[in-house]
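Here are my notes on the model below. Please read them with the coordinates open.

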Amino acid sequence: MQALGALCLDKWTAEFLANYPNATVIHLACGLDSRYQRLQLELTNIHWINIDLPDVMELRSKLILNPVGNYASIAVDVIEETWLEHIPADGATIVICEGLLMYLEEKVSKILIRQLVNHFKSGQLIVDRVGTMMASIQDSVSDLRASSSTFQWGIDDPHMLEEIHPPLKMIDCLGPAELGGFSRMPLSTRLMLSTYSYLPWVRYLSSYARFDFRCFGYWHGIFNIN
């Protein structure tokens, strides 16, 4: 399932870069992800910035070669307030926020979203999220137990993220049953996911969403948002 989610985010990132070939990509909590390699990007006009905690970025530097071109890696805790000051804010920017928000305190997550939107002015924000039911049953999730990670909060209606900051406008949201690519999965898994799509309380146990954002007063035409 995580692989299908990653594929979804790859597709959304590629679509954005096809429309804005000089864009900046900010990949928060990048871990050991190899998205720019999967997308086979030439980092000539695109500016790609990977960001994660210092110990993660140190491990990443030992295992994954940095690409040639307009690439930077930043070792920092994103809840610090000063790191954005060093990131260019001009032009279209896509922020990939995968596997991060649900592990931060709710208040901290909302502050981070506001800071990102205010700083980059115009672009897209891609996030994954869990619902309150998933947060309540997280003790049964083996991956979480193995990593000693904890969901700090959940949100059932992804549109509620728009209320965090007015410039955010959701343009896509896909739950597990809507990701596609299930043809090679066991029949039992396919039946389960099909059932999910008809049950409102589990349809969005988790989901992937992308938002347009444009701060008021910025170049109006960049995304043709009326």
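Against which strands do the buried residues of helix 4 pack? Point 2 takes this up, after a word on the model.

1. **Basis.** This is a predicted model: local features need pLDDT of at least 70, side-chain atom pairs count only at pLDDT 80 or more, and totals for chains, interfaces and linings use all residues. Residues are numbered from 1 along each chain as its sequence is written, and side-chain values use heavy atoms, with hydrogens and water left out.

2. **Packing of helix 4.** The buried residues of helix 4 pack against strand 1 (24–28), strand 4 (93–97), strand 5 (122–130) and strand 7 (206–214). Helices (H or I, at least four residues) and strands (E, at least two) are DSSP runs, numbered from the N terminus. Buried means under 20% relative accessible area, exposed over 50%, and partly exposed in between (1.4 Å probe, protein chains only).

3. **The buried side of helix 4.** The buried set is Ser 109, Leu 112, Ile 113, Leu 116, Val 117, His 119 and Phe 120. They cover an arc of only 170° around the axis, which puts them on the same side of helix 4. The arc is that of the directions from the helix axis to the C-beta atoms. An α-helix has 3.6 residues a turn, so residues three or four places apart point the same way.

4. **Geometry of helix 4.** Helix 4 runs over residues 106–120, 15 residues in total. Its first and last C-alpha atoms are 22 Å apart, close to the 21 Å expected at 1.5 Å a residue. The expected span is 1.5 Å times one less than the number of residues. Lys 121 follows helix 4, with a positive phi near 70°.

5. Lys 110 pairs with Glu 106, and their closest N and O atoms are 2.9 Å apart. A salt bridge here is a side-chain nitrogen of Lys or Arg within 4 Å of a carboxyl oxygen of Asp or Glu. Both residues lie in helix 4, 4 residues apart, about one turn of the helix. Lys 110 is partly exposed at 25% relative accessible area. Glu 106 is partly exposed too, at 38%.

6. **Helix 1.** Helix 1 covers residues 2–19, which is 18 residues.

7. **Helix 1 to helix 2.** Which residue meets Arg 38 in a salt bridge? The partner is Asp 10, at 2.7 Å, N to O. The pair links distant parts of the chain: Arg 38 in helix 2 (residues 35–38) and Asp 10 in helix 1, 28 residues apart. Arg 38 is partly exposed at 36%. Asp 10 is buried, with a relative accessible area of 8%.

8. **Strand 6 to strand 7.** Asp 172 and Arg 210 meet in a salt bridge, 2.5 Å from N to O. Asp 172 lies in strand 6 (residues 169–174) and Arg 210 in strand 7, so the pair ties together parts that are 38 residues apart in sequence. Asp 172 counts as partly exposed at 24%. Arg 210 counts as buried at 10%.

9. **Strand 2.** Asn 45 lies in strand 2 (residues 43–52). It is partly exposed, at 49% relative accessible area. Leaving aside neighbours within four places in sequence, Asn 45 is in contact (heavy atoms within 4.5 Å) with Pro 21, Asn 22, Ala 23 and Asn 70. Asn 45 and Thr 24 are 8.9 Å apart, C-alpha to C-alpha.

10. **Whole chain.** The protein has 8 helices and 7 strands. Of its 226 residues, 46% count as buried. Residues 24 or more positions apart account for 74% of the contacts with a separation of 6 or more. A search of the whole structure finds 9 salt bridges.
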